[in-house]
Every structure is written in C-alpha cells, then in structure tokens.
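Work through the exercises below with the structure open. Try each task before reading its solution.

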Amino acid sequence: MTGDDTGPAGRAEPPSPLVIAVTPVPADRLRIAELLDGVAPLLVVADLDELRRLLAARAPATHPAAEPPLAAGPLLIDPARSTARAGEREVALTRLERDLLTCLASEPVRAWSYPELHRSVWGDPDRERRADVQSVVKRLRRKLDRLDGGVTVVAVRGVGFRLAGWRDQGAASEAGSRAGGDQGAATGG
C-alpha cells in the first residue's frame with residue numbers, strides 16, 4: 001500500500017490491512033497481539049466459528065460515524081475517526097480499542113464487568129472471555145500512555161475495569177459524588 005490514502009474513485013482506504021489471527025491458545029493470542037501492536041488493525045479469535053460469528057454480526061444501532069466525539073477529562077475520543085486525543089497528541093485505535101474506550105468513557109465512574117464489556121464491545125452476551133478483554137485493555141493502556149494525558153484503564157478487583165485519571169484534569173464536575181476509588185477532593189493551588 002502506498003502513502004496515498006485514497007483509492008479508486010476517490011474513496012478513502014484504511015491505513016493498513018486487517019490482520020486476522022486464529023489460535024485456540026490464549027498465550028498465543030496475547031503474544032500475537034504484542035507482536036503486532038501498532039502494526040495494523042488486529043482481530044484475534046480462538047476458532048473459525050468465532051470468526052464467522054463476528055463477521056456475520058451487524059453493526060450496533062448507533063453507527064460510530066453518527067456518534068459525536070466523547071470527552072473524558074483531557075481525553076477526546078472520536079468514534080468516527082477511531083482516534084483518541086489528549087492535547088496535541090493523537091493515537092489511532094482499532095475497532096475493539098475504540099469500542100472499549102467509548103464504553104468505559106460513557107460512564108467513567110462505573111466499574112464494568114467482563115460480561116458487560118463483552119456485550120458492549122463484542123456484541124456477544126453469552127461469552128465471558130477474560131483473555132479477550134485483557135488483551136484489548138493491555139493494548140489500549142499502551143496507547144493511552146503515549147498520549148500522556150493521565151487517563152488510563154484500571155482493574156477493579158472482582159469486577160472488571162474502569163477509566164481512571166479522567167477527573168484529575170478538572171472534568172469531575174458533572175460526574176457526581178457516588179464514585180468509588182477515583183474520587184478525591186479537588187486540590188486547588
């Protein structure tokens with residue numbers, strides 16, 4: 001693929017091809033995700049049946065292009081462009097990273113369970129594959145670290161994950177006071 005980002009008839013093309021890896025071994029899935037992190041959009045599945053279900057699944061009712069950018073403190077998530085931005089820094093997100101981050105940022109004080117994340121991100125309420133979620137979280141954390149905005153994804157023991165650091169930048173005003181561990185008094189100068 002060349003540096004030209006438009007194809008025939010002026011249509012925009014993705015920056016790189018989608019890489020699909022099929023392996024039933026969780027350690028292999030994690031290793032593949034580590035090796036190909038940032039190289040290309042990556043889909044890692046355990047078997048061909050899972051791949052077929054994912055390919056046959058329809059997009060959710062709210063198409064990402066229709067969603068406005070979502071702010072969580074210094075972080076701005078643009079679902080239409082699959083990017084996250086903090087200040088002048090921006091990172092590209094895979095579909096899974098974008099959907100996971102959008103899900104977490106939609107209710108940032110909430111701890112999301114593995115089944116809830118599977119339902120929201122993969123659209124599969126019947127599966128609870130922790131390795132899938134953990135793999136995407138690991139890649140997303142690396143990308144958020146590159147933004148240097150202080151926002152990250154933290155594990156909540158016995159539950160799942162939540163967004164952290166989004167309040168540190170002064171976005172706590174509309175979140176309310178019912179949050180748990182990330183709450184704290186705003187420290188003025």
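**Exercise 1.** Is V22 buried, partly exposed or exposed?

*Solution.* The model used here is predicted. Step 1: locate the residue; V22 belongs to strand 1, which covers residues 19-22. Step 2: take its relative accessibility, which is 40%. Step 3: apply the cut-offs, where buried means under 20% and exposed means over 50%. V22 therefore counts as partly exposed. Step 4: look at its surroundings; V22 forms a nonpolar surface patch with L18, I20 and L48, and together they have about 340 Å² of accessible area.

**Exercise 2.** Classify T102 in the same way, then list what it touches.

*Solution.* Step 1: T102 sits in helix 3. Step 2: its relative accessible area is 14%, so T102 is buried. Step 3: a polar atom of the T102 side chain lies 2.7 Å from the backbone oxygen of R98. Step 4: leaving aside neighbours within four places in sequence, T102 is in contact with E67, L70, I77 and P79.

**Exercise 3.** Describe the largest nonpolar core and follow one of its residues.

*Solution.* Step 1: this core has 29 residues, and those with the most contacts inside it are L75, L100, L101, L117, V153 and L163. Step 2: among the elements that each supply at least two of its residues are helix 3 (95-106), helix 4 (114-122) and helix 5 (130-147), as well as strand 4 (75-78). Step 3: follow L100; beyond its neighbours within four places in sequence, L100 contacts L117, V121, V136, V137 and L140.

Methods. Residues are numbered from 1 along each chain as its sequence is written. This is a predicted model: local features need pLDDT of at least 70, side-chain atom pairs count only at pLDDT 80 or more; totals for chains, interfaces and linings use all residues. Side-chain values use heavy atoms; hydrogens and water are left out. A nonpolar core is a set of buried Ala, Val, Leu, Ile, Met, Phe, Trp, Tyr and Cys residues joined through side-chain atoms within 4.5 Å. Buried means under 20% relative accessible area, exposed over 50%, partly exposed in between (1.4 Å probe, protein chains only). Helices (H or I, at least four residues) and strands (E, at least two) are DSSP runs, numbered from the N terminus. Contact means heavy atoms within 4.5 Å. Patches are made of residues with over 30% relative accessible area and no salt bridge: like charges are joined within 9 Å, nonpolar side chains (Val, Leu, Ile, Met, Phe, Trp, Tyr) within 5 Å. Accessible areas come from the Shrake-Rupley method with a 1.4 Å probe; for residues, only the protein chains shown count as cover. A salt bridge is a side-chain nitrogen of Lys or Arg within 4 Å of a carboxyl oxygen of Asp or Glu. A polar contact is a pair of N or O atoms within 3.5 Å; within protein, one must be able to donate a hydrogen and the other to accept it, and residues adjacent in sequence count only if both atoms are side-chain atoms.
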